[in-house]
Amino acid sequence: MADRVQPGPLNETACAKEAVCIHTKKIFDSCRDKDCIEDLRVFPTTSSQPLLESAFSIRPRSAEVLCIKVHVEEVTFNRGNYAVDATYFYKIRGEACPGGQEVKGLAVFSKRVILFGGEGNARRFSSDDNQNGNDLTAAVEAVDPLALGMKLVDANCPPCSMDMIPEITPEILQSMGEEIVLTPNGRSWYVTLGQFSITRLERDTQLVIPVYNYCFPEKECEGGADEDPCTLFSRVRFPVEEFFPVDSVCRCEEYRDLT
């Protein structure tokens with residue numbers, strides 16, 4: 001068995017200069033995803049609905065992630081694995097044509113991934129605890145999506161169906177700035193989004209570690225619903241620098257020069 005690394009300075013040949021003892025969350029499993037979300041229903045604001053009724057078409061402006069609600073539950077048939085359900089809430093902006101007036105709305109997207117979270121049963125309690133002491137947590141990171149396309153659908157369109165009405169919290173409604181039209185009322189608005197995200201499962205642990213660089217998941221997420229590929233979005237590379245800023249950590253050679 002190799003000698004255990006103790007906290008303190010490391011030798012000069014090591015890339016890292018110090019080993020430290022920390023209490024942190026160990027990442028048991030993680031995955032990255034590149035979702036093309038086609039024809040996602042947008043619930044317009046009250047001031048935007050009349051503009052949609054008189055518009056011939058709509059052009060995309062932007063999409064913003066307001067919040068992501070995350071829920072974790074154990075997969076009973078596969079011990080140690082957990083289902084992570086993430087619900088994304090987006091503020092969507094478009095441009096009604098003709099006229100070029102801005103329209104806003106709320107879109108909601110839900111997905112599920114399966115990750116390994118270990119079989120630990122330890123519970124932790126502290127003054128800021130909000131998970132009933134369970135030391136297993138899920139985290140989802142996402143950048144604002146790309147608004148790939150938008151369309152309007154007439155109210156009497158036979159193939160159209162009413163999408164599930166989302167549960168909107170006061171915080172989300174406040175972010176929108178005004179009331180949202182949730183009931184069928186005239187024309188419907190749909191958006192296609194390109195979303196990059198990282199999902200991970202973590203547990204509290206104590207570690208002695210050297211710091212070298214960021215850890216980046218290489219495997220794709222599994223367990224989500226199958227979707228048709230979006231040709232345009234498939235050619236967009238994963239924006240690593242949005243999640244891991246390149247200037248925030250020195251490389252080993254640069255670190256040696258600084259010391």
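How many aromatic pairs does a search of the whole structure find? It finds 4. Keep in mind that this is a predicted model.

Start with Tyr-88 and Phe-109. Their ring centres are 5.8 Å apart, with the planes at 40 degrees, so this pair is tilted. Tyr-88 is in strand S4 and Phe-109 is in strand S5, so the pair ties together parts 21 residues apart in sequence. Both residues are buried. Ring pairs also bring in Tyr-90, linking Tyr-88, Tyr-90 and Phe-109 into a cluster.

Next, Phe-196 and Phe-238. This pair is edge-to-face, 5.2 Å centre to centre, with 75 degrees between the planes. Phe-196 sits in strand S8, and Phe-238 in the loop between helix H3 and helix H4, so parts 42 residues apart in sequence are tied together. Phe-196 is buried, at 5% relative accessible area. Phe-238 is buried too, at 11%. The charged end of Arg-32 sits over the Phe-238 ring, 5.9 Å from its centre.

Now the cores. The largest nonpolar core has 22 residues; Tyr-90 and Trp-189 are among those touching the most other members. Strand S4 gives the most to this core, 5 residues. Apart from it lies another core, of 9 residues, including Val-143 and Phe-233.

Last stop, Gln-195. Where is it found? In strand S8. Is Gln-195 buried or exposed? Buried, with a relative accessible area of 0%. Its side chain reaches the backbone oxygen of Val-143 at 2.8 Å. Gln-195 also touches Tyr-88, Tyr-90 and Phe-233, among others.

Notes:
Residues numbered from 1 in each chain as written. Predicted model: local features only at pLDDT ≥ 70, side-chain atom pairs only at ≥ 80, totals over all residues. Heavy atoms only, no water. Core = buried A, V, L, I, M, F, W, Y, C linked by side-chain atoms within 4.5 Å. Buried < 20%, exposed > 50% of the residue type's maximum accessible area, 1.4 Å probe, protein only. Helix = DSSP H or I, 4+ residues; strand = E, 2+ residues; numbered from the N terminus. Polar contact = N/O pair within 3.5 Å; in protein donor to acceptor, adjacent residues only side chain to side chain. Contact = heavy atoms within 4.5 Å. Phe/Tyr/Trp six-rings, centres within 6.5 Å; stacked < 30°, edge-to-face > 60°. Lys NZ or Arg CZ within 6 Å of the ring centre and 35° of its normal. Lists of a residue's contacts leave out its neighbours within four places in sequence.
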